[in-house]
Amino acid sequence: MRTVERFSRRSLLAGTASLGVSGVFLAACGQVAPAPADAPETKEEPEPEPTAAPEAMEPTIIKYMHFTTQQEVWDETYGAVIGRYEERNPDVTVELDIVTWPLTAVAEKAVAASAAGIAYDMYYGWFGYISQFATADIIQPLDPFIAKDADVDLSEYYEGALERIGGNLYGIAWFLGARSIWYNDDMMTNEGLTSPADLDAAGNLNWDTLTELATKLTTREGTNVTRWGLSFNGNAHSSIVIALKSWGAGWWNEDFTAPAIDSPEAAEAVQTVLDHVVKHQVHPPLARKETDVAPNFTEQKLGMVLTGPWYTRTINQEIVEGQTPFNVDLANVPLGPAGRGTPLLINAFWIARSSPQPDATWDLYKYLISEEVQPDWANLGGGRFPPNRTYTPAVQYPFEKPETYKAIADVSIPLRQAVRQADINGAWAELWGQMEAGEKTVAEAIAEAQQVSAIALQEGGCIC
């Protein structure tokens, strides 16, 4: 696999060394001229004592549990990034232990390996399974490293780019995603609509205008939907908190001591998103009719979609370079009565508590979150929301606008999670389906979500 190959300078140096030894050997095999007959007899000199060759330094090995999507761009990018680091640090070897889909397999393998006494230096992290690492207590805080390292100033980082547990810092994002509105700009023009970006520029991108756009973009033949106006995915915890923020609500109270989802403001936010599905019918339901079209954005069966920068490669490959290209644009999330915000979704690396090489691992860690590497991470959909405010967003395609990414980052909020967040996420997804089906009201669903969250927080604590 490309990510574990030893390439470039080390291989070249090895080859050069071999050639040098061969050259000496060939010279020794050549013909040597005899000494003249009348040459004076030479006095034999004692042979010098052989000197011991200097001991080769053992390389520092950083053992890293790495996730790969098995896509060529993923492996080539990581190969280049890690390869550069090894080139600059010839005494360091980064040893990858590869894990593939599903992503949660990283947590399962890491916890099992720790229980078996197998040491690692670093893990591939993701906000969706940090709770499992925290519960197993197999990662260590970064605070001691930062305390003695003047190169890292945490005040420069977005708060949402920092992962804390019990007040200690465990992760700094290398990859940040923030969900926002991607839309078919040609569709807006053809329908004579003001685009979300233009609405936002005039201060008019709110939930009402978003609903109006979604309604006008939705088309039908009889009772069958032939094009959907919007896909927001309110059944996902990290999506619904966007609406909660718009109404000044939150899943948790300010000091993270109790859930706060069961409030009038939260109910209004949830109802607004749900109405797109059950009232306006401009958003595909979870139980979509077979005769309704699938909400495929790349095939122009969907006008607007809430997604993150990881979607840019799909847009470029399937739309811009596809057989039927169209113009795509990006806008911020809508304004609500109390403003707006979108959570930052974190991928961070974590230093293992079992690390035999913690200082060397921290040096690699700093490199992986540096501004230099952000353009590399842009290949994977990262870079648009750099973790550090002083970094310039990295983009790849003409349809991207760094100023829009910066505006979204400026209203970003931390994704606040409990250690047992998986329990909450699963319960919310189920409750959303019950609301769509009319089996539970919004009031009943958020009351139950409150109870589930309270238990999860009490039993596991918070990631804070």
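Modeller: Two strands count as a pair if DSSP finds at least two bridges between them. Keep that cut-off in mind as we walk through this predicted model.

Biologist: Happy to! What makes E6 and E9 a pair?

Modeller: DSSP must find at least two bridges, and E6 and E9 are joined by 4. They therefore meet the cut-off for a pair. The two strands run antiparallel, and Trp182 stands opposite Val305 in E9.

Biologist: And how do you know that E8 and E9 pair?

Modeller: By the same test: 3 bridges join strand E8 (residues 224-231) to strand E9 (residues 302-307), and at least two are needed. These strands run parallel. Leu230 has Met304 in E9 as its bridge partner, and Ser231 stands opposite Val305 in E9.

Biologist: Which sheet do these strands belong to, and what is its order?

Modeller: They are part of an open sheet of 5 strands, in the order E7-E8-E9-E6-E10, with mixed pairing. Strand E7 (219-221) and strand E10 (328-331) are the edge strands: each has a single partner strand, so one side of each has no neighbour in the sheet. On average, neighbouring strands are turned by 25 degrees against each other, direction ignored.

Biologist: Which helices lie across these strands?

Modeller: Helix H8 (residues 207-217) lies across E7, E8 and E9, at about 155 degrees to E8. Helix H14 (residues 402-410) lies across strand E6 (180-184) and E10, at about 30 degrees to E10.

Biologist: Why is E9 said to be largely enclosed by the rest of the structure?

Modeller: Because 6 of the 6 residues of E9 are buried, and buried means under 20% relative accessible area. Met304 of this strand is also among the members of a core of 51 residues, along with Phe232, Leu244 and Ala456.

Biologist: What about the largest nonpolar core: which residues touch the most other members?

Modeller: Tyr78, Tyr124, Phe133, Trp174 and Tyr365 do, out of 83 residues. Strand E5 (residues 168-178) gives the most to this core, with 8 residues.

Biologist: Is Gly438 buried or exposed, and how do you know?

Modeller: Its relative accessibility is 60%, and over 50% means exposed, so Gly438 counts as exposed. This glycine lies in the loop between helix H15 (421-436) and helix H16 (442-460). The C-alpha atoms of Gly438 and Val278 are separated by 8.9 Å, with the two residues 160 apart along the chain.

Biologist: And Ser155: buried or exposed?

Modeller: With 56% relative accessibility, Ser155 also passes the 50% cut-off, so it counts as exposed. Ser155 is in the loop between helix H5 (143-147) and strand E4 (162-165).

Biologist: What makes Cys462 and Cys464 a disulfide?

Modeller: Their sulfur atoms are 1.8 Å apart, and the cut-off is within 2.5 Å, so the two cysteines qualify as a disulfide. The structure holds 1 disulfide. At 17% relative accessibility Cys462 counts as buried, whereas Cys464, at 31%, counts as partly exposed.

Biologist: Which residues have a pLDDT below 50?

Modeller: Residues 1-45 do. The chain averages a pLDDT of 89, and 88% of the residues score at least 70. Where pLDDT is low, the predicted coordinates should not be read in detail.

Notes: Residues are numbered from 1 along each chain as its sequence is written. This is a predicted model: local features need pLDDT of at least 70, side-chain atom pairs count only at pLDDT 80 or more; totals for chains, interfaces and linings use all residues. Side-chain values use heavy atoms; hydrogens and water are left out. A nonpolar core is a set of buried Ala, Val, Leu, Ile, Met, Phe, Trp, Tyr and Cys residues joined through side-chain atoms within 4.5 Å. Buried means under 20% relative accessible area, exposed over 50%, partly exposed in between (1.4 Å probe, protein chains only). pLDDT is the predictor's confidence in each residue, from 0 to 100. Contact means heavy atoms within 4.5 Å. Axes are lines fitted to C-alpha atoms, for helices over the stretch in contact, and angles run from 0 to 180 degrees between N-to-C directions.
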